[in-house]
Amino acid sequence: MAVEITEFLLSAQSADAKVRTEAETRLRQFQEQNLPGFLLSLSLELSNDGKPLESRRLAGIVLKNSLDAKDATTKEHLVQRWVSNDVTFRSQIKGLLLSTLGSSVSEAGHTAAQVIAKIASIEIPRKEWPDLISSLLGNMTQQDRPASLKQSTLEALGYVCEEISHNDLVQDEVNSVLTAVVQGMNVTEQSSVRLAASTALYNALDFAQTNFENEMERNYIMKVVCETAMAKEADIRQAAFECLVSIASTYYDVLEPYMQTLFELTANAVKGDEESVALQAIEFWSSICDEEIELQDFDGGESGDSYPHSHFIEKALSLLVPMLLETLLKQDEDQDQEDGIWNLSMAGGTCLGLVARTVGDAIVPLVMPFVQDNISKPDWRSREAATYAFGSILEGPSVEKLSPMPCERHTAWTLSRIFELLHSPATGFSVIAPANLQRIVAVLLESIKDSPHVAEKVCGAIYYLAQGYEGFETGSSVLTPYLTDTITSLIATAERTDVNDSKLRSAAYETLNEVVRCSNLAETSQIITQLLPVIMTKLGQTIELQILSSDDREKQGDLQALLCGVLQVIIQKLSSIDETKPVIYQAADQIMMLFLKVFACRSSTVHEEAMLAIGALAYATGPEFGKYMTEFYKYLEMGLQNFEEYQVCSISVGVVGDICRALDDKMLPYCDNIMTLLLKDLSSGDLHRSVKPPIFSCFGDVALAIGEHFEKYVPYAMPMMQGAAEVCAQIDINDEEMVEYGNQLKRSIFEAYSGILQGFKNSKAEIMLPHAPHLLKFIEVSVKDPHRDESVVRAAVAVLGDLADALGSHVKTLFKDLAFCSELLGECLQSEDEQLKETATWTQGMIGRVFSVCG
């Protein structure tokens, strides 16, 4: 039954593409024509110490991929395929894998352990591999077993615990697993065994609930873990601390007797151990904070339940905070510039922030002396540590306790954090007294001239300062006297020549956008009107830039994208009130000409930003936008066909909606091509799924714009909408991302129906009558879904009203027996969401009118 496949496996890794493709084809054919023989051949290859490591490694990977997949549907198919095999055959494969654990080649044993766990995840919940645990434990308990076998066996136990639920094992099995694992951590064992055992314990801790309730067993486990945390090998120490982190969150309520030892262990690790170990030691205290913050939330809740709160952070505060502050002085030279980096300084700052949230005001007197001692030191690390310390504790203590606020020029990041968290005048809460504002702005505008590193943080501070005044007219007025200087400084910062990195330029322009967006237009219209030609000129200059390399092209594209973003904000701001709309009307021709020139760059980022700005211009100019469509349409078409850069495609779809709202029936000449492209997008398997909901919403926009002329698209649009409704019904409810996507899809389908119904309302409404039953069923299924979100309910209630409004007496019989309608509207009328309540009231009136008109 098995076949010799060594040569195929080796050839499948060949550098020669022809050889590689031919081998892959032969393997695939073997798999499709004789799956049991294929799996057996792979298992024999993996288990044979006489075979090359390369073929054994690939055999293990293919075997593992034949049992598991990330996609839930594919995984279920693989599971069913495995369990459909004969029991005797499966036992043969499992026997080969268990024997491979004893291989003299450690990589083969490691791979076998992974495959065993994948089979266990299928069979143990089905009670189809009852002797697995005892077989593995036999490798650990029999005398004179080689270290390599113990290592692979412990890896297998760890992987199995990771794959299955703690409910899948009986307590006796759990006891035996924990005994074997903890014994494997013993100092008498070889390093490789201790490391495998420590990793296995980490995966097995969820199973140890009963054992941690038994004081004697708990003491033994904690003793061994703490001893292992002092092993001479750093990777073993790290694994032991990872176990302690997990224990902190899983078994917080029984930690009291061990906390003195744990503090000493973690403190020694943070002060003197390798960074990988020290990071886990800090993570232990972060986990304790997480638990205590959660307990405080429970205690402050309305349930009345009480949970044991040991106040470990409060008790350790006077020693813990100095230890964490010390880590802040250990920054890497370029840590801010490197995305995704995680080091001791960042971990310490994060933990300090959690401690502040846990104990509140009590942390302030422990941190402020450190801030005051280090803030003025010439050494940059000291200044950074001081600002980081202060910024980290802003969430937790009261505003009164944190005052007075430091305002030296080195505190830009701290100010940014303060303004983000503690400055919201619209809600009646801000740390900034009007009397201090002039000084604060002066410090910021002076500090923005500092090094690029500091200037970027200053931009963040200005951003949140402006944002805090949004929606608070008197506050916006307070900022108005500083607006011209702020805008001038931000533009100058964006144009600095001492910066190769584009982060500062981006930060400056994004901050400029926020300053404009949050300003009080009644007072600042003249300033923003004057800003418009300045930005237009800068955008025009980018088109004339000499391009000698791909780097030049990229820099040009980035700058154009930022300037298009600023123009979008200015257009939106000035078109938001009637008094300043003429400014946009007068400049529209020149603005549009610039955007069309920018499109010639063909850069996706520019394309995105220019598209968004054109959407804003269409909204601002209304029907007048029609004169630009002849020139602009080719770029819109390109955007709608850009599957590869799907964000461009998505934004282009949104712009179609903006233009529909601007042009109404003047959109008609372009609709055949646009609808063809949108339908093609929906049919494509290559287009990212996130673009599809906006396309359905866009159907509604087109229908609303062209009214009865949408009739010819109904036979094509409806099957797409109904097919998408079926997709919603098949969403995997265990996948949060897919549930969110399902809600977006439902909302967009309802929006499409609403637009189409409203478009047909005054003529040809009967076209939608055959589709009404399907729509009502889809509404019912959607609102009864426990995973729905509020936006879906709002859209469902709105389309229910649109259906009654457009079709009137034609749908009386459909509504007559729909009890869910009354229940849904009754529920919505009790909602605290005013918008939903208003929509439900309107819908109830529309349905009531159907019956009153019919008699």
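**Figure 1. Contact of helices α32 and α34.** Met-629, Thr-630, Tyr-633, Leu-636, Glu-637 and Leu-640 of α32 meet Tyr-670, Asn-673, Ile-674, Leu-677, Leu-678 and Asp-681 of α34, where contact means heavy atoms within 4.5 Å. By class, the residues of this contact are 8 nonpolar, 2 polar and 2 charged; Ala, Val, Leu, Ile, Met, Phe, Trp, Tyr, Cys and Pro count as nonpolar, Asp, Glu, Lys and Arg as charged, and the others, Gly among them, as polar. The model is predicted, so that local features need pLDDT of at least 70 and side-chain atom pairs count only at pLDDT 80 or more, while totals for chains, interfaces and linings use all residues. Residues are numbered from 1 along each chain as its sequence is written, and side-chain values use heavy atoms, with hydrogens and water left out. The axes of α32 (residues 629-640) and α34 (residues 668-683) come within 10 Å and cross at roughly 10°; axes are lines fitted to C-alpha atoms, for helices over the stretch in contact, and angles run from 0 to 180 degrees between N-to-C directions. The two helices α32 and α34 are therefore roughly parallel to each other, a term for angles under 35 degrees, whereas angles over 145 count as roughly antiparallel, 65 to 115 as roughly perpendicular and the rest as oblique. Helices (H or I, at least four residues) and strands (E, at least two) are DSSP runs numbered from the N terminus.

**Figure 2. Contact of helices α15 and α17.** The axes of α15 (residues 259-272) and α17 (residues 312-327) come within 11 Å and cross at roughly 5°. Helices α15 and α17 are therefore roughly parallel to each other. From α15, Met-259, Phe-263, Ala-267 and Val-270 meet Phe-312, Leu-319, Leu-320, Met-323 and Thr-327 of α17. The residues of this contact comprise 8 nonpolar, 1 polar and no charged.

**Figure 3. Nonpolar cores and the surroundings of Phe-632.** The largest nonpolar core has 156 residues, of which Phe-625, Phe-632, Phe-699 and Phe-710 touch the most other members. A nonpolar core is a set of buried Ala, Val, Leu, Ile, Met, Phe, Trp, Tyr and Cys residues joined through side-chain atoms within 4.5 Å; buried means under 20% relative accessible area, exposed over 50% and partly exposed in between (1.4 Å probe, protein chains only). Apart from its neighbours within four places in sequence, Phe-632 is in contact with Met-592, Leu-596, Phe-599, Met-611, Ile-614, Phe-625, Val-655 and Ile-659. A second, separate core of 136 residues includes Ala-112, Leu-178, Ala-180 and Val-193.

**Figure 4. Val-193 in helix α11.** Val-193 lies in α11 (residues 191-204) and is buried, with a relative accessible area of 1%. Neighbours within four places in sequence aside, Val-193 is in contact with Ala-147, Lys-150, Gln-151, Leu-154 and Gly-184. Val-193 and Ile-236 are 43 residues apart along the chain, and 9.9 Å separates their C-alpha atoms.

**Figure 5. Lys-94 in helix α6.** Helix α6 (residues 87-100) contains Lys-94, which counts as buried at 7% relative accessibility. Not counting residues up to four places away in sequence, Lys-94 touches Ile-119, Glu-123, Glu-128 and Trp-129.

Figure 6. In α41 (residues 819-829), the buried residues are Phe-820, Cys-821, Leu-824, Leu-825 and Cys-828. These residues cover an arc of only 125° around the axis, which puts them on the same side of α41; the arc is that of the directions from the helix axis to the C-beta atoms. Ser-822 and Glu-823 are exposed on the other side of α41.

Figure 7. Lys-127 is not a glycine, yet has a positive phi of about 60°. Lys-127 lies in the loop between α7 (106-123) and α8 (132-141) and is exposed, with a relative accessible area of 60%. Asp-664, also a residue other than glycine, has a positive phi near 50°. The loop between α33 (646-663) and α34 holds Asp-664, and Asp-664 is partly exposed, with a relative accessible area of 41%.
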